[in-house]
Amino acid sequence: MKGRIFDKAQLSEFIDDLIKKRKVYAPINKDGLTCFSEIKSSSEIYFDFQSKLSSKEILFPRCETLFTYKRVDGDVKLEEMKVKDEEIVLFGVPPCEARGFILIDKAFSSGEFQDVYYLRRRENTIIIGKSCQYPRNTCFCTSVGGSPFGREGVDLLLHDLGEKYLLEIVSKKGEKLIDYIQKYENAAETDIKMVQRIEKVAKESMKTRLELKNIEEKLDNMFEDPLWKIIYQKCVGCGVCTYLCPTCYCFDMFDEQVTSSEGKRIRIWDSCQFPLFTLQGSGENPRPTGKERMRQRMMHKFNYYPKNYDDIACVGCGRCIRECPVNLDIREVLNKIMTQ
Amino acid sequence: MLMVDSVQTMRKIAKRLLEEKSVNLIIGYERGTLPFRTTPCFISDVKEVDRLIWDVTCENNLAKYLKDRGEKIGILAKGCDARSIVACIVENQIKRENVFIIGLPCSGVIDRKKVESELNGKEILEATISDDEIILKGEGYNKRLPVKGFLDDSCVSCKHRNPPLYDVIVGEKVLEEMGDDEFISTSKIEDKSIDERWEYFTNELSKCIRCYACRNVCPLCYCEECFVDQNMPTWLDKTDNISDIMVYHIVRVFHTAGRCVDCGACSRACPLGIDLRSITQKMVKLVKELYDFETGLMLEEVPPLATFKQDDPQEFMK
Amino acid sequence: METGNKVTSKINYNEQWQPKIVAFLCNWCSYAGADLAGVSRIQYPPNIRVIRVPCSGRVNPMFIIKALQRGADGVLVSGCHPGDCHYISGNLIARRKFALLKNFLEYIGLEPGRVNFSWVSAAEGEKFAKVVTDVIEQVKTLGPIKKLKKERKC
């Protein structure tokens, strides 16, 4: 493990330096609502257990314009919205959300069609994660291939050692970022050992442990299982779980008319739980009730996505559990599936 | 009657209904997966009636689950929930003979967000809930909180704690406390100037992420195709522009005019804690002031926007 | 000030900004009243854009809100007097919708005076001109709409 040591003042200084040259996003507290936002000073940063809205929305915005179109001389001119070529720093991302980006990467960069909007931003982004020392009962990252101190998806990982911070270098990108900064000390052996100690404690404190080893195979034979008819009943079909999920990436597109001869194509988040998500132009809806939609959510995350990308499309952050208006708990559903 | 005694009565009733096959399904509340939560439950097996519970965390409006069910259902309904059921029957979404209402006289449910705020966001590891007090334990704290101090705002000013319609009632009716200003959620905003009000609402609603939790938990929002999803013509865009967000909320609240019972489910469902009742309650107040109408009290009521009086107020007309 | 068939207004047409008012007029009364104003050569400011509807009850509150969102500085909905509706009770049902909408929009913070309702019969050409003039003058003092308007740019 290689890293640098900062005290609180030095960390603020480091971040303020970053702000001078790059766009820095970090968790803030806006009247009680915690989310990631662009900061102009390190004093705006608010570290809570987990922000309400995940950092997903920085790289995959809730609403973005893809291109504009204009009717000119009987022809239609398209102008693509180019993602700005600027360096972005995402600071304070928990390991679960960082892992979420890896999962979205796979979906958005596979095959012939690359999602240039997301990928361009991703290329320009350095992720400075913050390790999670006190996982909650609703966390289950270790059950889905992650860890509270996971290094997947981060370029640098910040550890809170009490009176000081250790900024661990994880990737080459991260190394390049702090390589030139000589004024911060290198992490000593004792510091590294402390990180290893708190990492062990954090992992062991994980209360929710789900046995999901063969869930993909299990679900292979469960498409017509009567279980789905029971599970979906209390779901009201809103989009809270999908919107807050760090790995959900479904979107819708529509055109907004600006004048009679110009408009723009806009992309917005969509949710497989919305009743009209699969409504086809013919009027046919292959997922007409909540049963099909709940089944879809579970199959996508734990069967279809693993088949395509060799990974479970869930990072165990627990937001869907805490924020679901009717307390439909994914852990309960997973246990039911595994014991079916 | 203590809520814990009510639970026994409720379970007996449910058991009898299922055994006699008076209903095919009971919709009620059961313990949730987090220490301080209950969740809707659907019971068709008489052996499972002991899952049913009743306490101050039973916050969901179960009337949501009654639409489009051909069978006879038994449903546990607080005062506001029963009013929603009446409103749905009046609008022909539910058949009266298909629903057996097990009425729950209610003294209010807890606002989880107020409790979370009191705990500074710390995780609740253990919760003991009684009628007057909740004892919450977590990392480094052990707090006793009075239920009365943490009631949901819709419960503080509630005037219909007993279900106005029921087939059987669990325990005795509770006192309909008149309480303070029934419309306090709107009064404090009406006192502001017009620009202050606009600023307040745009500020609050700018947090909205259009997850539609507010719409989806409302028993009266049952349209197969909501106005937000209509195109040809498109009523409003789904962008995060504040104008679109405001229009969504204004129109949604307008669509609940004369139908909203102020149960507070929308406000509680919002993941961002937007105080939706500051707008929904205004519509309830307007309907009461202008047309002397309160939704969901009688099966014979006529929705105020489906009728008129010759002398309806019209000073605003030129 | 009224002189015979002319209703003079205090609007100066040389100023840059002119309000745009969308007027929903019911076919049987208000639209006919507007027509009578025209036939009688009653002058009134040209800032309204008329949309003819069969009855004031046809006006969906979403029309009014969408008009404001699209940049109308004001909206006028005009129908038959109560008791005179061609469809018997369309205007009476509408009266309730309008009362709720107007009060609600004002509560939200929209300036009163932007959304207006009137009863104008087919014989009231002068009244129509007066109502329109009043509305336009009122909206003039309020200025261009900013609240609820969606800024559309490419």
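How many residues of chain A are in contact with how many of chain B? I started there and got 30 residues of chain A against 27 of chain B. Contact here is C-beta atoms, placed from the backbone, lying within 7 Å.

Ground rules, noted before going on. I am working on a predicted model, where local features need pLDDT of at least 70, side-chain atom pairs count only at pLDDT 80 or more, and totals for chains, interfaces and linings use all residues. Residues are numbered from 1 along each chain as its sequence is written, with chains lettered from A and ligands numbered from 1 in the order in which they are written.

**Chain A against chain B**

I looked up which elements of chain A give two or more residues to the side that touches chain B, and found α9 (240-244), β10 (251-259), β11 (262-269) and α12 (330-338). Helices (H or I, at least four residues) and strands (E, at least two) are DSSP runs, numbered from the N terminus. The top contributor is α9(A), with three residues. By class, I noted 14 nonpolar, six polar and ten charged residues on this side of chain A. The classes: Ala, Val, Leu, Ile, Met, Phe, Trp, Tyr, Cys and Pro are nonpolar, Asp, Glu, Lys and Arg are charged, and the others, Gly among them, are polar.

**Chain B against chain C**

Next I checked the other pair, where 32 residues of chain B contact 32 of chain C. On the chain B side, α6 (194-205), α8 (242-255) and α10 (277-291) each supply at least two residues. I see α8(B) giving the most, with seven. That side of chain B has 21 nonpolar, four polar and seven charged residues.

**Inside chain A**

I then went for the domains, whose bounds come from an automatic or database domain assignment. Chain A splits into domain 1 (2-61 + 84-204) and domain 2 (215-250 + 270-338). Their centres, taken over C-alpha atoms, are 28 Å apart. I have 23 residues of domain 1 in contact with 17 of domain 2. Helix α3 (residues 95-108) gives the most to the domain 1 side, with nine residues. This domain 1 side divides into eleven nonpolar, seven polar and five charged residues.

**Arg52(C)**

Last entry: I found Arg52(C) in strand β4 (residues 48-53) of chain C. Leaving aside neighbours within four places in sequence, Arg52(C) contacts Leu25(C), Asn27(C) and Tyr31(C). I also noted Ser78(C), 26 residues from Arg52(C) in sequence and 10 Å away, C-alpha to C-alpha.

Key
Two residues are in contact if their C-beta atoms, placed from the backbone, lie within 7 Å.
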